[in-house]
Amino acid sequence: MIIKVLTLFPEMFQGPLNVSIIKNAQEKGLLDIEYINIRDFTDSKHKKVDDYPYGGGAGMVMTPQPIFDCYESTIKTLHSSSKPRTIYCSPKGKTFHQEMAIEMAKEKELVFICGHYEGVDQRVIDELITDEISIGDFVLTGGELPVAVIIDTIARLIPGVLGQQESFQEESFYSGLLEYPHYTRPQNFRGLTVPSVLFSGNHKEIEKWRRKKSLEITLHRRPDLIEKAELTEEDKKNINAFKNHC
Ligand SMILES: NC(=O)c1ccc(N[C@@H]2CC[C@@H](O)C2)nc1
């Protein structure tokens, strides 16, 4: 997958997307992320990329010219004939969730435009953006962190990025429920022990225990997910038992 990130602050991405799994994905050629600095495209002699908002008000708005020129120069380097999927993050956007990541992970090319200050001129959104996305109901200083979150969520779904030892099938939001608790060595840490079923070697019992814990945790923390999950008859029995004990 090819990802182009248009931003005023490419350096913001050097941390999260240049270590561990995402770094390995790039080294393996499964993912190619390029950061393009919007400021390199301004035609203002003072390298200006923002200006005062028409109508007054606090803050500065990113001007359209550098973003349009940066975008048009960027998409020339892409292979898809049609306009690429272009994402802009803001609190006004559609709330991001795992299903959106699964769908976006199927794209060959993705473009992200990062706003800063008060945001970008609306004509950028109207003309260039295909998806306006929010990662939650809070306000950040820029679109860079949400874009890094979205890239991370998508990248780990690209076949080959997660090694054999890391399976995402059972992760939260895959089976529709929240994930069961994880334990590893030692069996007894400062007197804190691991549930004995987990080293019983009885895989059927382990799966039952894990499913039951998922149901219990989901019922307590996100009952809304229970409504949407595919439940077996045994699941329903367990849920009723939890409800009767509450
Ligand atoms: N909740 C979110 O996903 C989110 C996204 C962006 C953002 N802030 C940027 C700065 C200016 C404008 O581009 C929007 N805040 C919150």
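A residue is called buried when its relative accessible area is under 20%, exposed when this is over 50%, and partly exposed in between, with a 1.4 Å probe and protein chains only. I36, which lies in strand β2, therefore counts as buried at 10% relative accessibility. Strands (E, at least two residues) and helices (H or I, at least four) are DSSP runs numbered from the N terminus. The structure is a predicted model, in which local features need pLDDT of at least 70 and side-chain atom pairs count only at pLDDT 80 or more, whereas totals for chains, interfaces and linings use all residues. Residues are numbered from 1 along each chain as its sequence is written, and side-chain values use heavy atoms, with hydrogens and water left out.

One aromatic pair is present in the structure. Rings of Phe, Tyr and Trp (its six-membered ring) pair if their centres lie within 6.5 Å; planes under 30 degrees apart count as stacked, those over 60 as edge-to-face, and the rest as tilted. F13 and Y35 are stacked, at 5.0 Å centre to centre and 25° between the planes. Because F13 lies in the loop between β1 (2-7) and α1 (20-27) and Y35 in strand β2 (residues 32-37), the pair ties together parts that are 22 residues apart in sequence. F13 counts as buried, at 1% relative accessibility.

The whole structure contains 13 salt bridges, a salt bridge being a side-chain nitrogen of Lys or Arg within 4 Å of a carboxyl oxygen of Asp or Glu. One of them joins K23 to E27, with the closest N and O atoms 3.1 Å apart. Both residues lie in helix α1, four residues apart, about one turn of the helix. K23 is partly exposed, with a relative accessible area of 35%, while E27 is exposed at 58%. Another salt bridge is formed by the side chains of D131 and R85 (3.0 Å, N to O). This pair links distant parts of the chain, 46 residues apart: D131 is in strand β7 (residues 131-134) and R85 in strand β5 (residues 85-95). Both D131 and R85 are buried.

A polar side-chain atom of Y88 lies 2.7 Å from a ligand oxygen atom, and a backbone N or O atom of I135 lies 2.8 Å from an oxygen atom of the ligand.

Methods:
A polar contact is a pair of N or O atoms within 3.5 Å; within protein, one must be able to donate a hydrogen and the other to accept it, and residues adjacent in sequence count only if both atoms are side-chain atoms.
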